[in-house]
Amino acid sequence: EQVFYWRVCGKYATEKNDDDLMDAALPEIPRFCEALNTVVHQPFCAVEMLKLAPLLDLGDEVGRRRLYTMLGAMLLSLRVSDQLVPGLLAGIYAMEGTPQEFLAFASGIIATLASPDQDNGGDEDAPVRRSLTMARELLRMFSDLGTLAQCADQLKALVEGCVQHPSSEVRNEAVECLGLFCCLDEVVAETYVPLLLKVLDNESETTQATALRAMLDILLLFNSATPCQLPASIAAPKVKSEGPEQCVLFRRAVSALEHSSPLVRAVAAEGLAKLLVNTRLQASHGALEEEVLLTLLLKYFSPGWEKDSRARQCLATLFPALARRSPQHLALLARVVVPAVAHATRARKASPLSKINAVQMGQYLLSLLDEAAEPTDPPQPHFVAAATAALRRVCRSLAKELARTGGASATGKACTRLLALVRVQGGGVGELRG
């Protein structure tokens, strides 16, 4: 608690740029080094302490050299927890003159860790785990491939060499690093997409989830020109149809919602939710958005997903977020009301969808649209108008489906009940009733 308090006070003083407060809150470097040595084998305390390092007065050259040497030695010591690596790198970066000097230092540490003479503390995998942890943090610190150019080949060789490591933990960390490499550049992503697809088929569930997360990040970052279709440089194999809806990465992500692992299902739900929120699935000739939203909605209300707490938590946030995101997202919600009801009411008895309460699901969507139609402060008349239009569209769709299926069918009964729950009057929206 004392270490946490000390770190918060130091951060507050620095943000206020108050010299007197900083003098009182931030320790001198010698005192800081002594305190860090005391807690170095207590990961939480050490991590909090290291967050202070970039805030210290580094004008004292003697103290700065002492701290620099100490942090570098900790990076090399495999008896120090890997949890400290991000803080150690951040502290050293604060003392380096340029990114190039810092990366040269980090590259030297990784090369030293690979030396056969390196003391592994009795754990043969410790050096490679430390190197991968450093690689992961460097890829997070620098998102520009040009900046990383001087050590990119070294990092790639390290990561690629670990993908087939005997340890599943090491393989998982290597795949995570591959995913971060993919986020740097389309050409880099092109190199690793086939490998990620292979990992998704053959690895443990934890590593499959890591690979799937990387694939979804690629879709999120690199499909802005043509929705859900990767750039030409990332021409992953496609199935027979050449439409963007048949992008392999996208199809694999959707199919992962049926995976036996709750972790993989949760990663798939989170990634697809990001694609929806960021309008990455719009297609003029297809219905990708409706398909994905409908799939996620049915999963959310399916009794089979009741125990998928992580996935459900994500989806419980997604639907209200879409209703507040934009008029386009409101229209999207309106378009899936009737299809959702139809899927639930027409499902075979053996299907999990047959256990969904179609009226409850439809009422939930209507409530989101109705809430969006309420006046806001400050006023957003275009948004209210969009919500009103969305509700009108739902009413027309429900009436059309009722006329088509008849009031005696399960779908027709559900449509009748939902029509009774919403009332649109004049230019405004009446209250949801029932």
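Student: Is Arg 130 buried or exposed?
Tutor: Buried. In this predicted model, Arg 130 has 1% relative accessibility.

Student: Which side chain does Arg 130 meet in a salt bridge?
Tutor: Asp 82. The N to O distance is 2.6 Å.

Student: How many salt bridges does the structure hold?
Tutor: 19. Another joins Arg 335 and Glu 290, with the closest N and O atoms 2.7 Å apart. Arg 335 is in helix α17 and Glu 290 is in helix α15, so this pair links parts 45 residues apart in sequence.

Student: Which residues are joined into one network by shared partners?
Tutor: Arg 136, Glu 137, Arg 140 and Glu 176. Within it, Arg 140 and Glu 137 meet at 3.3 Å, N to O. Both lie in helix α8, about one turn apart.

Student: New topic. How many disulfides are there?
Tutor: 0. For Cys 45, the nearest cysteine sulfur is that of Cys 9, 15 Å away.

Student: Last one. Which residues form the negative surface patch?
Tutor: Asp 18, Asp 19, Asp 20, Asp 23, Glu 28, Asp 57 and Asp 60. Glu 28 sits in the loop between α2 and α3. Glu 28 is exposed, at 59% relative accessibility.

Methods
Residues numbered from 1 in each chain as written. Predicted model: local features only at pLDDT ≥ 70, side-chain atom pairs only at ≥ 80, totals over all residues. Heavy atoms only, no water. Patch = residues over 30% accessible without salt bridge, like charges linked within 9 Å, V, L, I, M, F, W, Y side chains within 5 Å. Areas by Shrake-Rupley, 256 points an atom, 1.4 Å probe, with all protein chains shown as cover. Salt bridge = Lys/Arg side-chain N within 4 Å of Asp/Glu carboxyl O. Lys, Arg positive; Asp, Glu negative; His and termini not counted. Charge placed at Lys NZ, Arg CZ, Asp CG, Glu CD. Helix = DSSP H or I, 4+ residues; strand = E, 2+ residues; numbered from the N terminus. Buried < 20%, exposed > 50% of the residue type's maximum accessible area, 1.4 Å probe, protein only. Disulfide = S-S within 2.5 Å.
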